[in-house]
Amino acid sequence: MFRIRSKVKYKKTNKRRDSSTSAEIEIEMDSDEDVSTVLPLSQRPEWSDVTPLPQNDGPNPVVPIAYSEQFAEIMSYFRAVYLADERSVRTLHLTAEAIHLNAGNYTVRFTTPFYIFTPVVLVLVVVQVWQFRRVIIEALNADLHDELDLVEQLASKNSKNYQLWHHRRWVAEKLGTEAVSRELEFTKKIFLNDAKHYHAWSHRQVVFTPLRKITYTHVQGCK
């Protein structure tokens with residue numbers, strides 16, 4: 001069963017948050033086929049105020065990538081909210097949809113005009129979807145445990161995605177020792193399928209570091 005879920009909890013109100021969006025958005029699907037039946041962004045009322053920014057490959061692209069209509073649309077809306085620096089619940093949910101469609105597609109390329117005195121220079125911008133998601137999470141002070149749930153969903157389909165592990169490490173480091181037991185259990189599940197999983201072993205070493213420091217401090221204090 002495949003479920004897309006973007007449930008956001010935050011502890012304080014963000015000044016940049018779109019008042020038209022609710023504090024909690026959730027979409028659930030029962031199978032892979034349902035991913036393609038999600039209502040297009042252009043038909044969702046909460047996105048009516050956004051003008052999507054399509055990818056510009058120039059007038060004669062040599063080898064254009066055959067994106068699906070759904071993926072192309074989501075990326076077009078992502079470019080628009082990124083340029084607007086919108087850090088809201090709906091943009092957090094948008095990044096989740098983009099990642100679920102292709103967790104390995106961690107960059108979005110587009111050109112934007114950059115003004116130097118009078119000439120206009122087109123600058124290629126490469127944006128990391130995962131990175132902008134982290135920016136939004138911090139702005140909303142979102143629940144990091146929900147992020148761990150998201151990564152576990154993705155890992156169940158592709159546990160060797162580098163971006164996935166980088167994001168989980170960031171979340172675990174934010175949570176500190178609070179995440180140690182869950183991370184050890186998470187990597188243990190990964191090892192049941194692949195005992196030589198490089199990313200899992202590397203992650204396990206990272207989460208053990210704060211545990212070792214706390215244990216050492218406790219022992220020293222008992223002397």
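Biologist: Leaving aside its neighbours within four places in sequence, which residues is L175 in contact with?
Modeller: The model is a predicted one, and L175 lies in helix α5, which covers residues 162-175. When neighbours within four places in sequence are set aside, the residues in contact with L175 are L144, H145 and L148.

Biologist: Is L175 buried or exposed?
Modeller: The relative accessible area of L175 is 13%. Buried means under 20% relative accessible area, so L175, at 13%, is buried.

Biologist: How are α3 and α4 oriented, roughly parallel or roughly antiparallel?
Modeller: Helix α3 (residues 129-140) packs with helix α4 (residues 144-155) at an angle of about 155°, and their axes are 12 Å apart. Angles over 145 degrees count as roughly antiparallel, and the angle of about 155° therefore makes α3, relative to α4, roughly antiparallel.

Biologist: Are α4 and α6 roughly parallel or roughly antiparallel to each other?
Modeller: The axes of α4 and helix α6 (residues 180-193) come within 12 Å of each other and cross at roughly 5°. Since angles under 35 degrees count as roughly parallel, the crossing at roughly 5° means that α4 and α6 are therefore roughly parallel.

Biologist: How many charged residues has the contact of α4 with α6?
Modeller: From α4 the contact draws on H145, L148, D149, E152 and A155, and from α6 on R182, E183 and F186. Three of these residues are nonpolar and one is polar, while the charged residues number four.

Biologist: Is the crossing of α1 and α2 left-handed or right-handed?
Modeller: The axes of α1 and α2 come within 10 Å and cross at roughly 145°. As for the hand of this crossing of α1 and α2, it is left-handed.

Biologist: How many nonpolar residues are in the contact of α1 with α2?
Modeller: The contact includes F71, I74 and F78 of α1 together with L94, A98 and L101 of α2. Besides three polar residues and one charged residue, the nonpolar residues in this contact number nine.

Biologist: Which side chain does a polar contact of 2.6 Å join to that of E86?
Modeller: E86 is placed in the loop between α1 (69-83) and α2 (89-101), and with a relative accessible area of 11% E86 is buried. The polar contact of 2.6 Å joins the side chain of E86 to that of R90.

Biologist: What separation do the C-alpha atoms of T209 and V180 have?
Modeller: T209 is found in helix α7 (residues 198-222) and is partly exposed, with a relative accessible area of 28%. V180 is 29 residues away from T209 along the chain, and their C-alpha atoms are separated by 9.4 Å.

Biologist: What pattern does the chain follow along the sequence?
Modeller: The chain has seven helices and two strands, and buried residues make up 39% of its 223 residues. Read along the sequence, the pattern is α-α-β-β-α-α-α-α-α.

Notes
Residues are numbered from 1 along each chain as its sequence is written. This is a predicted model: local features need pLDDT of at least 70, side-chain atom pairs count only at pLDDT 80 or more; totals for chains, interfaces and linings use all residues. Side-chain values use heavy atoms; hydrogens and water are left out. Axes are lines fitted to C-alpha atoms, for helices over the stretch in contact, and angles run from 0 to 180 degrees between N-to-C directions. Helices (H or I, at least four residues) and strands (E, at least two) are DSSP runs, numbered from the N terminus. Angles under 35 degrees count as roughly parallel, over 145 as roughly antiparallel, 65 to 115 as roughly perpendicular and the rest as oblique. Buried means under 20% relative accessible area, exposed over 50%, partly exposed in between (1.4 Å probe, protein chains only). A polar contact is a pair of N or O atoms within 3.5 Å; within protein, one must be able to donate a hydrogen and the other to accept it, and residues adjacent in sequence count only if both atoms are side-chain atoms. Contact means heavy atoms within 4.5 Å. Ala, Val, Leu, Ile, Met, Phe, Trp, Tyr, Cys and Pro count as nonpolar, Asp, Glu, Lys and Arg as charged, and the others, Gly among them, as polar. A crossing is left-handed if the near helix is turned anticlockwise from the far one by less than a right angle, and right-handed if clockwise.
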